[in-house]
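Please keep the sequence and the model in view while reading.

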2 protein chains.
Amino acid sequence: MNSPLPTTRDRLIATAAHLFRRNGYHATGLSELLSAAQVPKGSLYHHFPDGKSDLAIAAADWTAAQFIRVMDDAFTPAPDFRQGATTLCFKLAKLFDLLEAADACPISALLFDGPEGEPFRTHADATFNRLTRHLAAHGTRLGLPVQTATDQAELLVVAIQGAWTIARARRSSDLLRALPARLFP
Amino acid sequence: MNSPLPTTRDRLIATAAHLFRRNGYHATGLSELLSAAQVPKGSLYHHFPDGKSDLAIAAADWTAAQFIRVMDDAFTPAPDFRQGATTLCFKLAKLFDLLEAADACPISALLFDGPEGEPFRTHADATFNRLTRHLAAHGTRLGLPVQTATDQAELLVVAIQGAWTIARARRSSDLLRALPARLFP
DNA sequence: GCAAGATTGGACCAAATGGTCTAGTCTTTT
DNA sequence: AAAAGACTAGACCATTTGGTCCAATCTTGC
């Protein structure tokens with residue numbers, strides 16, 4: 001008899017990503033996590049020998065991959081960077097609304113709130129740079145000079161991150177939608 | 001014999017603000033906090049009957065007041081909004097370096113990571129709006145139309161918040177310094 | 001069909017968590 | 001100097017935390 005199909009491991013990662021994002025890493029207890037994922041403790045420590053902190057890294061990766069997909073969906077068909085950025089922000093706003101303003105920004109939440117200690121910090125740093133470079137690559141592909149692409153990518157990520165946080169406080173995605181117009185007038 | 005002069009209550013607030021910002025609300029244990037502040041438990045629950053969550057609100061207020069002072073210092077002597085924003089970002093970058101990149105952004109950390117439940121959320125929301133309005137007021141004072149002032153203030157706070165987070169990940173305040181030039185080209 | 005490994009289930013644990021409570025000590029007022 | 005209230009000190013508590021461990025149960029290759 002197997003569980004609602006996604007493997008135990010996957011369920012573990014998905015619920016971890018979800019709960020960490022909604023309540024924060026430290027505010028999420030293992031028992032809460034396990035009962036939400038319908039997974040017993042033994043399985044957690046089988047799949048993730050280092051327990052919670054290990055899971056945090058997996059969840060971060062999982063979320064980063066998701067985020068990159070959204071980025072690609074927005075930028076691949078775009079005629080220029082500005083258009084891509086606009087689409088991305090709208091997509092994110094939609095996602096934000098779907099989550100009912102309850103979840104923290106995928107980037108900041110999963111990467112910057114986690115177990116203490118270098119391992120996680122290093123991983124988060126690397127993941128974040130990967131994200132930015134990926135975005136910058138879209139920029140150069142769309143004709144921007146390397147430096148400009150890097151700057152714009154950085155600015156966009158910074159703004160999304162900040163806007164999401166504040167949007168959450170306000171429980172409104174408006175700020176997210178208004179972002180591109182204000183950033184690239 | 002009295003303690004290093006600031007009252008027990010003040011020491012409590014200051015260390016709470018400090019630790020919450022550095023490690024997060026949930027990651028900071030009461031015992032850690034109390035021993036850092038050199039305050040016994042009894043005193044905490046005397047001054048803050050609701051304990052940790054109560055303290056979180058006080059710490060948020062304390063930090064917000066500090067932040068407003070920095071804002072005022074930057075904007076009061078400024079000839080226009082752009083200049084004020086530039087000075088503010090540089091001041092924050094300096095502060096960031098002083099803290100050795102270890103502390104989260106004052107705005108996001110103290111307002112958006114705290115006890116669950118409406119009381120704190122509501123208070124955080126109000127405090128945040130107060131901050132933005134205060135900044136916008138500088139804008140109008142410096143000659144900006146109300147709508148523009150509001151928008152610029154919002155954008156600036158969003159960007160500072162995002163930039164600080166990422167600056168922290170990178171352990172470099174450069175992004176914070178580069179911000180004004182990129183936001184208001 | 002059986003042996004070996006992968007996976008699960010959950011009892012169990014030490015440590016830490018936030019919080020309560022009361023006895024004592026200062027400080028202030030009269 | 002006595003009484004009243006503010007404040008401190010810390011022992012104590014139930015609960016929860018993340019983590020260990022091992023017996024039982026599935027898979028899988030032979």
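By class, the surface near DNA strand C has three nonpolar, nine polar and four charged residues. The model described here is a predicted one.

**Surfaces near the DNA**

Near DNA strand C, at least two residues each are supplied by α3 (41-47) of chain A and by α2 (30-37), α3 (41-47) and α4 (52-75) of chain B. Near DNA strand D, at least two residues each are supplied by α2 (30-37), α3 and α4 (52-75) of chain A and by α3 of chain B.

|---|---|---|
| near DNA strand C | α3(A) | four residues |
| near DNA strand D | α3(B) | four residues |

The surface near DNA strand D consists, by class, of three nonpolar, 10 polar and four charged residues.

**The fold of chain A**

Chain A has nine helices and zero strands, and its pattern along the sequence is α-α-α-α-α-α-α-α-α. The radius of gyration of chain A is 17 Å, close to the 16 Å that the globule rule gives for 185 residues, so chain A is as compact as a globular protein of that length. Its C-alpha trace spans about 55 × 35 × 30 Å along the principal axes.

Buried residues account for 41% of the 185 residues in chain A. Among contacts in chain A between residues at least 6 apart in sequence, 65% join residues at least 24 apart.

At 1.5 Å a residue, its 16 residues should span 22 Å, and its end C-alpha atoms are 22 Å apart, which agrees. The buried residues of α1(A) include A:Leu12, A:Ile13, A:Leu19 and A:Phe20, and A:Arg21 is also among them. The buried residues of this helix pack against α2, α3, α4 and α6 of chain A. Just after α1(A), A:Gly24 takes a positive phi of about 95 degrees.

**How the chains pair**

How many residues does each chain bring to the contact? Chain A contributes 22 residues and chain B contributes 22 residues. On the side of chain A that touches chain B, at least two residues each come from α6 (106-112), α7 (118-141), α8 (146-170) and α9 (174-183) of chain A. The largest share of that side, 11 residues, comes from α8(A). By class, this side of chain A has 11 nonpolar, six polar and five charged residues.

What relates the two chains? A rotation of 180 degrees, with 0.0 Å of shift along its axis, superposes chain A on chain B with an RMSD of 0.0 Å. That is the relation of a two-fold axis. In chain A, the C-alpha nearest the axis belongs to A:Gly162, 2.0 Å from it. The same surface serves both copies, as 100% of the contact residues of chain A recur in chain B.

Technical notes. Residues numbered from 1 in each chain as written. Chains lettered and ligands numbered in written order. Predicted model: local features only at pLDDT ≥ 70, side-chain atom pairs only at ≥ 80, totals over all residues. Nonpolar A, V, L, I, M, F, W, Y, C, P; charged D, E, K, R; others polar. Contact = placed C-beta atoms within 7 Å. Rg over C-alpha atoms; globule rule 2.2 N^0.38 Å. Buried ≥ 20, exposed ≤ 12 C-beta atoms within 10 Å, placed from the backbone. Expected span 1.5 Å × (residues − 1). Least-squares fit on C-alpha atoms with pLDDT ≥ 70 in both.
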